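The sequence and structure come first.

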Amino acid sequence: MTDLVVRRLLIDLQTPPPRHWCGGGTFRTAFFNALSMSFPVGEQFFIDSVRNGHKALPAHEQARRQGEVQGFIGQEATHRRIHALFNAHLEKQGLVNAWASRAESRMKLLEGLDPRHPLGITAANEHFTAILAEWLLRHPALFGDAEPRLKTLWLWHSAEESEHKSTAFELYQALGGTQEWRVKWMRRVTFFFLTDTLRQTLNNLRRDGTLWRWRTWKDAASFLFGPAGLVRQTFKPWRAYFKPDFHPDQQQSDLSQRWLQANSAQYTVAGARAN
């Protein structure tokens with residue numbers, strides 16, 4: 001189990017960001033914007049899944065995991081709120097969030113299921129966010145001369161995702177979730193996560209008027225397939241999830257704590273409280 005605290009990010013999200021805030025890169029801006037559009041709905045699903053899974057545990061296990069679960073919920077609720085504020089600026093720029101409505105429709109199909117199924121989906125998504133977080137923390141130069149407020153937002157979010165990456169996974173195991181279903185859900189989550197990310201990124205580029213520009217796809221090639229590219233750097237840790245003895249802590253590093261320590265002036269600690 002992990003001690004988790006809730007941090008309040010001290011950045012201005014009232015001032016509108018530049019349209020191409022990620023170092024002028026059109027593709028990477030559209031990509032991060034797409035991910036942000038998924039977070040308010042996604043984080044609420046993760047909160048509900050972990051809360052319901054925790055309630056399904058025996059009383060002594062609930063007591064043992066209470067602090068970590070509260071911290072997880074508090075961190076995710078803060079992420080949800082911060083990204084909703086950012087997404088409001090994207091809407092004013094003319095971008096349309098189609099990902100959230102698709103995700104909400106799929107979530108309705110899970111109503112009434114055994115709580116291990118939403119937890120299995122959450123654990124798979126948390127693995128995706130954890131490997132993305134580790135990649136960003138290891139390669140912050142990918143942001144280039146990005147808007148400082150938003151670079152801080154993404155690295156703070158990454159640091160906290162690395163902190164709580166084991167919570168849903170361990171709850172799933174504690175409830176007797178099987179390896180078979182864990183792998184099934186990762187396969188399905190992989191399909192939907194990749195297709196939703198691609199669709200929303202392309203939609204963002206189309207509405208931005210930069211979909212067919214050469215510099216957009218040059219940026220995409222570097223961002224995805226360059227020496228520090230997303231695809232090249234995250235395939236191996238993604239594949240590790242399918243091993244029978246996998247645990248998120250096998251991909252542990254100190255990058256999260258190092259960033260949080262070096263950037264303590266960027267946030268205040270609110271304590272492990274759920275919103």
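Helix 1 and helix 3 (residues 99-108) pack at an angle of about 25°, with their axes 9 Å apart, and the two are therefore roughly parallel to each other (angles under 35 degrees count as roughly parallel, over 145 as roughly antiparallel, 65 to 115 as roughly perpendicular and the rest as oblique). This is a predicted model, in which local features need pLDDT of at least 70 and side-chain atom pairs count only at pLDDT 80 or more, while totals for chains, interfaces and linings use all residues. Residues are numbered from 1 along each chain as its sequence is written, and side-chain values use heavy atoms, with hydrogens and water left out.

**Helix 1 with helix 3**

- On the helix 1 side, Ala34, Leu35, Met37, Ser38, Val41, Gly42 and Phe45 meet Trp99, Ala100, Ala103, Glu104 and Met107 of helix 3, where contact means heavy atoms within 4.5 Å.
- By class, the residues of this contact divide into 9 nonpolar, 2 polar and 1 charged.

**Helix 1 with helix 5**

- Helix 1 (residues 26-55) packs against helix 5 (residues 148-163) at an angle of about 50°, with the axes 13 Å apart, and that makes helix 1 oblique to helix 5.
- The crossing of helix 1 and helix 5 is left-handed.
- Phe32, Leu35, Ser36, Phe39 and Glu43 in helix 1 meet Trp154, His157 and Glu161 in helix 5, a contact with 4 nonpolar, 2 polar and 2 charged residues.

**Helix 4**

- The 23 residues of helix 4 (residues 116-138) should span 33 Å at 1.5 Å a residue, and the end C-alpha atoms of helix 4 are 32 Å apart, which agrees; the expected span is 1.5 Å times one less than the number of residues.
- Helix 4 is mostly covered, with 21 of its 23 residues buried (under 20% relative accessible area, with exposed over 50% and partly exposed in between, for a 1.4 Å probe and protein chains only).

- Phe45, found in helix 1, is buried with a relative accessible area of 13%, and, leaving aside neighbours within four places in sequence, Phe45 is in contact with Met107, Leu110, Pro118, Ile121 and Thr122.
- Glu147, found in the loop between helix 4 and helix 5, is buried with a relative accessible area of 16%, and, with neighbours within four places in sequence left aside, Glu147 is in contact with Pro18 and Trp21.

Definitions and conventions: Axes are lines fitted to C-alpha atoms, for helices over the stretch in contact, and angles run from 0 to 180 degrees between N-to-C directions. Helices (H or I, at least four residues) and strands (E, at least two) are DSSP runs, numbered from the N terminus. A crossing is left-handed if the near helix is turned anticlockwise from the far one by less than a right angle, and right-handed if clockwise. Ala, Val, Leu, Ile, Met, Phe, Trp, Tyr, Cys and Pro count as nonpolar, Asp, Glu, Lys and Arg as charged, and the others, Gly among them, as polar.
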